[in-house]
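Work through the exercises below with the sequence and the structure at hand. Each task is followed by a worked solution.

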Amino acid sequence: NLGKFKQKLSSNRWLAGKILIMLQYAISLIILIVVIVNFKQLLYFKNSDLGFNKENLIVMPVGNTPVSENYEYFKKDLVKIANIHSVSTIDNIIGTERSYRRYFYEINRIKKAQFFPQLIVRKDFIKTLEIKLLAGSDFKGEISSNFLGSDGELIINESMVKQLKFKDNNDAINKKLVSFQGNEKIIG
C-alpha cells in the first residue's frame, strides 16, 4: 500500500509540475501579447494624423490662474512676440479630460436628446491648431463668457454630422441645435 501511495503521490507531483509549467508559459504569452499590442498602439498614436498640426505648439495650463482672468491682455502681449503666430484657449487639453453637452434635435420628426463630447474653445482655435475645416467657417464673432461664439456658434466633427443624420458636411451648416445654453448654430 505504501508503494502505491508513493507512486500516486509522485505522479500527482509530476502532473502538478506540468500544469504549473504550462501556466507559466500561458502567462508569459499573455504578457508578451499585451506588450506587443501596447507598442503598436504607441506607434499608431505617434504616427497617426490627429487632425491638427502638433508641431511648434505650446500648451500651457492656465485654468484658475490670473492668466485665465486676464486672457485678452495676455493674448495681446503674446501675439506681439515675433515667433508667436496665433494664440487660443481650450477648456481641457485634448486627449485628457472630456466634458459633455446635452443637445436636443429632431431626426425624421422624432425628437431626441443626447450628450455629445465638447471642447470649449475661444476664437482662433482653428487657426492656432491649423485645423482644416471641411465645410463652413471658423468662429466669426468675439467669444462670449461661456466660450461659445457670440451667436451660439458651433463647429462639429464628422462623427457628429453622421450621428445627426445630415446628408453631408455642407448640409449641417446653419442648422440649429438646442441645448440648455439656448439655440446654437452650426457654422463649421
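**Exercise 1.** Does Ser-179 count as buried or exposed, and why?

*Solution.* The model is a predicted one. Start with the location: Ser-179 lies in strand β4, which covers residues 176-179. Next, take the relative accessibility of Ser-179, which is 6%. The cut-off for buried is under 20%. Ser-179 therefore counts as buried, because its value is 6%.

**Exercise 2.** Identify the residues in contact with Ser-179, leaving aside neighbours within four places in sequence.

*Solution.* With those neighbours set aside, the contacts of Ser-179 are Arg-101, Arg-102, Tyr-103, Phe-104 and Glu-184. Now look at Glu-184: its side chain and that of Ser-179 form a polar contact at 2.4 Å.

**Exercise 3.** Classify Glu-55 by its accessibility and locate it in the chain.

*Solution.* Glu-55 sits in the loop that links α1 (2-47) and α2 (66-69). Its relative accessibility is 52%. Exposed requires over 50%, so Glu-55 counts as exposed at 52%. For a distance across the chain, take Leu-129: it is 74 residues from Glu-55 in sequence, and the two C-alpha atoms are 9.2 Å apart.

**Exercise 4.** Describe the chain as a whole.

*Solution.* First list the elements: the chain has six helices and five strands, in the order α-α-α-β-β-α-β-α-α-β-β from the N terminus. Then turn to burial: of the 188 residues, 24% are buried. Finally, the accessible surface is about 14,600 Å², with 57% of it on carbon and sulfur atoms.

Methods. Residues are numbered from 1 along each chain as its sequence is written. This is a predicted model: local features need pLDDT of at least 70, side-chain atom pairs count only at pLDDT 80 or more; totals for chains, interfaces and linings use all residues. Side-chain values use heavy atoms; hydrogens and water are left out. Helices (H or I, at least four residues) and strands (E, at least two) are DSSP runs, numbered from the N terminus. Buried means under 20% relative accessible area, exposed over 50%, partly exposed in between (1.4 Å probe, protein chains only). A polar contact is a pair of N or O atoms within 3.5 Å; within protein, one must be able to donate a hydrogen and the other to accept it, and residues adjacent in sequence count only if both atoms are side-chain atoms. Contact means heavy atoms within 4.5 Å. Accessible areas come from the Shrake-Rupley method with a 1.4 Å probe; for residues, only the protein chains shown count as cover.
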